[in-house]
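Q: Hey, can you walk me through this one? I'd like to start with pockets and then get to the inside of the protein.

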Amino acid sequence: MLVAASLSTNSRALWYLTRGFGLVALILLTVTMVIGLTQIVRFARPGWPRFVVSALHKNASLLAVVVLAVHIVTAVLDSYAPIRVVDVFIPFVGKYRPLWLGLGALSVDLLVALVVTSLLRDRLGFGAWRAVHWAAYACWPLAVVHGLGTGSDTKLGWVLFINLACITAVLAALWWRLASGWSITNAPRRGAAVLASIALPVAVAAWTVTGPLRPGWARRAGTPTALLGSPAAGAASSAASSSGTSGRARTNGALTVPFTGTFQGSQQQSGPDANGLVSVTISGTVTGAQSGRLTMVLTGQPSGGGVTLTSSQVTLGSTTIPSQYRGHITQLSGSTLVA
């Protein structure tokens, strides 16, 4: 069980890295977009000559590519979501949220095309390079929708704030670009662009409110049924030392959560190890609405007869398949554990 707990912690670390680097990649892509749009209007200041702005744009773009690469590698290595290398580059063929993951693949493809054509710019005609460069701007809105649809943190206030700040920054730069050089001849075309720049964010906001921010989005987004019982997909089950919690039921495959049951078992403690950590293993049987074998391993610093949790492993299943469902503790309060 200690090995299983270690594996669970490593997988969770990859999960956090994937989400974190995904948000950082969005921020860097936003910076690149904003600088690119301001370059078009030949933005420069005495303290910020154009070559400085150009160098900043190049470095931000390269950093965005590096961060995006880490985001992709950790997503593929993470054992939770079945994301393959081919899913990164070929859109809509994956098993995990195929539509929203596919939009991310399209964004990656456009960014790769931009990088390759920029490296070969001296060998390409200006028209071809310019066409690819303009098409690559679509990688940013695709990345935004990909993050909202695939990300497991979309409902968090600070994540919504980051998305809102990125969208606002790009819109401000775009409107500045459209206002620069406005004339009677280009007014219809630029006016249509302004209307589109308003309508599309409104549509994305309406979709976000009715989609990713609504309960049950993980299932509707295309998360495989086998993963819906995992805490990483947003499902939660409750267990207490004598009984569980009740509430509105939600079915994940053969498991309905939350459920009420009676737990009987034993508790064992081992350690401390070389890092001063102890492990408490609680193992026994659950009877009631859901019956089976429940094992919980809590690892952390000893504190007042208990444990200050640093990692955990929870398994629930039948006697023959005791690890049918896997997860970790999301809340520890006295004798109540939420997994």
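Predicted model: local features only at pLDDT ≥ 70, side-chain atom pairs only at ≥ 80, totals over all residues.

Q: How does its lining split by class?

A: You get 17 nonpolar residues, 8 polar ones and 5 charged ones.

Q: OK, switching topic. How many residues are in the largest nonpolar core, and which touch the most other members?

A: There are 32 in that core, and the ones touching the most other members are L29, L68, W100, L111, W140, V144 and W207.

Q: Which elements give two or more residues to this core?

A: α1 (2-40), α2 (50-77), α4 (98-119), α6 (139-150) and α7 (157-179) do. The top contributor is α6, with 7 residues.

Q: Back to L68. What does L68 touch, leaving out residues up to four places away in sequence?

A: L68 touches A25, V108 and L111.

Q: What about the other core, how many residues are in that?

A: It has 14 residues and lies apart from the largest one; F263, L294, L298 and A339 are among its members.

Note on methods:
Residues numbered from 1 in each chain as written. Heavy atoms only, no water. Core = buried A, V, L, I, M, F, W, Y, C linked by side-chain atoms within 4.5 Å. Buried < 20%, exposed > 50% of the residue type's maximum accessible area, 1.4 Å probe, protein only. Helix = DSSP H or I, 4+ residues; strand = E, 2+ residues; numbered from the N terminus. Contact = heavy atoms within 4.5 Å. Nonpolar A, V, L, I, M, F, W, Y, C, P; charged D, E, K, R; others polar.
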